[in-house]
Amino acid sequence: MSDSPQFLSGSEIRQKFLNFYAQRQHKVLPSASLVPEDPTVLLTIAGMLPFKPIFLGQRQPEVPRATTSQKCIRTNDIENVGRTARHHTFFEMLGNFSFGDYFKEQAIAWAWELSTQVFALPPECLIVSVFTEDDEAFAIWRDQIGIEPHRIQRMGAEDNFWASGPTGPCGPCSEIYYDFHPERGDKNIDLEDDTRFIEFYNLVFMQYNRDAQGNLTPLQNKNIDTGMGLERMAQILQKVPNNYETDLIFPIIEAAATIAGIDYAKSNEKTKTSLKVIGDHVRSVIHMIADGIRASNIGRGYVLRRLIRRVVRHGRLIGIYAGEVANGVFTPHVAQKAIALSESVYPNVREQEEVIKADLEREESQFLKTLERGEKLLTEILASKPKQISGKDAFTLYDTYGFPLELTQEIAQEQELSVDIAGFEAEMTAQRERAREAHETIDLTVQGSLDQLAEHIHGTEFLGYTQPQSAAKVEALLVDGKSVESASTGTQVQVILDQTPFYAESGGQIGDRGYLSGDTVLVRIEDVKKESDFFVHFGQIERDTLQIGMPISAQIDRACRRRTQANHTATHLLQAALKKIVDPSISQAGSLVSFDRLRFDFNCPRALNTQELEAIEEQVNSWISEAHTADVAVMPIAEAKAKGAIAMFGEKYGREVRVIDFPGVSMELCGGTHVSNTAEIGVFKIISETGIASGIRRLEAVAGPAVLDYLNVRDKVVKELSDRFKAKPEELPERINSLQNELKASQKQLETLKQELALAKSDQLLAQAESVGEFKVLVASMENIDPDALKTAAERLQQKLGESAVVLGSTPAEGKVSLVAAFSPKVHKEKKLQAGKFIGAIAKICGGGGGGRPNLAQAGGRDASKLGEALESAKSQLLESLQ
């Protein structure tokens, strides 16, 4: 047997992999952002995702060979994190890629050389799998590499055939597994036994195209896509029992254990699982925040928030409580260790350190309050004395309030109750399926027939920075997503040209409008979108017939373009003003630039005050009046950043970037259209400032001609109000304030009259009270009495009756039921009847609930038809209980 593999750190493994392929003419490319270009996935979930347009044939590769270490996040198996040896949400995928260059034979040879010579893995510890029908790969492994046939496992399509989707590029896979126990022999090898085998290198041979009928045809250019899990290789080479105990993650685990005051090595499995979850999830969240993602309740922001909350609740499980750590939160302290481990490879985590820690502190603090509400909900569930806590309730506590199932079970056991685990798992499975279906697959198909067209046409050349009109040729024509040769008047079409002056929606700026025209044909273009290198013009044929190959004239709507230019440049000035006036660390979190307005989202933990908004607006208008000239240049991205150009986190940039510089004011990387001088904007006006998510604010504004539209609408409204209230515009605020005060006074008088009416009606009910021993019981319905008046009436009746129990019901509005219970001291002290619990149970008859103090409580319901039944039940229970 060969010597065991040499210990290598995670950083050494990464560098050796990249160096190996760099020496074999592969271009080393940086990791792409976790925010992908691909709209079909929320996050970058695979090493090949950044190369999707190349594999589709939509974009020409800049190099024939590439190698990367790509940061990835997957959450579809989040419940396995910490429980298995190698499931993660965050992981690094080492990959080598060939774009129509080398193929199967060379990929296999290099994979074996890297594994056995560079990483020194003993050949007798390696097992290989191939697709059942891939005789070619089998033969290469057997004849050229020299692996014995019984150590080459043939596996089915589920394990060893990769497909981009129902249609599109696909091909067989071959995987290399490491055997932790070669002494068990070669008989009955089961690669599914993860206690013995770990798959660490996957080679995908992208050689076919699958059509809609399922037929496979060889691709003209065959591609190689491989992936080696960095964490898995680290586990092998560092000789640790799982990925978590490698130097990539374990220092984070130790940081959390230190805060909790525990020793990982001496902890039980439950505690170790929580520490592993913290170690894994903290890696995810620092990179997500560094790439511009902010916690929210939608999309990738929800994924981030869920991960942070899991960190917090697992911290609670291992004994980390708010009062025991600085500032009442622990996640920023653990994040510091994760940042230190990552900064040499991903410097943006250190650059964004303060943002990361601030976001974590805010999210943890808010979640602790949510967790307290979850504890309150569980208390209410237990108060209803269920026979079992339902799976749905347990899942609501878990998913909405972040309440650990284990904690729910523990509290339930104290109450001698069980939890419906099967129901909980059913709810969990349903959520997982929804997540998988929505976000966890890479779809390499695009709208219509672009994947087939990509093999025959070139990308669209954009001329619109300098030319509002240009000659062009129709390269492709689609109707309802299907390629056609021609289309006639009235047809909605998607048109691809060889070159175009139309800007395609990108970077927050909407696409241009305009016309395509020929000798007799006219097409009105309403929108333009970009699909990889193709500009897709969406429009309707107004006249005659449009055909593929037809020469046409493409002309944008110049008035619309001027509006977007003004709004886009104003967005840059707005960001510069925010950084100057509010906080230099402010960064863009999203934007929209349209013809009639602009929207700018930015990270900020608080609302802007009136003085700040006024100062920002004044500063932007000052820059506009100063007439700053734009300096537009294309340069290497490193040079642009060195000059101080602002890049948006999560945005994709090539090796060369376009820089929009208004010297002394703003410098940003941007592919959008802009004014040549700030004076062309004219004027800028902020419309609103709101919060859209935790830590994210939104400013909406108008600039240029759109300001006049905005002011015209406002002017019309002011004139109408002036006519209606017979007041001058400057008198309107005082007039409206006066009317509001009059309305409040009238409403107060109305409430007083309602209560007086209720009291008058209630006095008539005194005669209906029934005596039960020393107590009196009064249960009655009072029509059309609102809840406050009903409560006042119940209190008054109870006081007049002395030792008594009063229950009143009303239907204050259609579909609503109001109930009140007022009990004297002896009723709830001697007879142990509590108004809150009593009326809450009665309200359930009407499809509602409620509660309150032992002597006075209110409840509500939704089924007014059951009010009579509810009051009868209340009366019979009181008469029986007070005997």
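Two strands are taken to pair if DSSP finds at least two bridges between them. Helices (H or I, at least four residues) and strands (E, at least two) are DSSP runs, numbered from the N terminus. The structure is a predicted model, in which local features need pLDDT of at least 70, side-chain atom pairs count only at pLDDT 80 or more, and totals for chains, interfaces and linings use all residues. Residues are numbered from 1 along each chain as its sequence is written, and side-chain values use heavy atoms, with hydrogens and water left out.

Strand β2 (residues 65-73) is joined to strand β3 (residues 90-99) by nine bridges, and the two run antiparallel. The bridge partner of Ser69 in β3 is Leu94. Strand β1 (residues 27-29) pairs with β2 in the parallel sense over three bridges, with Leu29 opposite Thr68 in β2. Nine of the nine residues of β2 are buried, so the strand is largely enclosed by the rest of the structure; buried here means under 20% relative accessible area, with exposed over 50% and partly exposed in between (1.4 Å probe, protein chains only). Arg65, Thr67, Ser69, Lys71 and Ile73 point one way from β2, whereas Ala66, Thr68, Gln70 and Cys72 point the other way.

Three strands form an open sheet in the order β25-β26-β27, with antiparallel pairing. Its edge strands, β25 (631-636) and β27 (666-669), each pair on one side only. The twist averages 25° from one strand to the next. Strand β26 (residues 656-662) is joined to β27 by four bridges, and Asp661 stands opposite Met667 in β27. Helix α17 (residues 558-581) lies across β26 and β27 and runs at about 115° to β27. Axes are lines fitted to C-alpha atoms, for helices over the stretch in contact (heavy atoms within 4.5 Å), and angles run from 0 to 180 degrees between N-to-C directions.

The 15 residues of helix α22 (residues 787-801) should span 21 Å at 1.5 Å a residue, and the end C-alpha atoms are 21 Å apart, which agrees. The expected span is 1.5 Å times one less than the number of residues. Buried in α22 are Ala789, Leu790, Ala793, Ala794, Leu797, Gln798 and Leu801. These residues cover an arc of only 165° around the axis, which puts them on the same side of α22; the arc is that of the directions from the helix axis to the C-beta atoms. Just after α22, Gly802 takes a positive phi of about 80°.

Thr273 lies in helix α8 (residues 269-290) and, at 14% relative accessibility, counts as buried.
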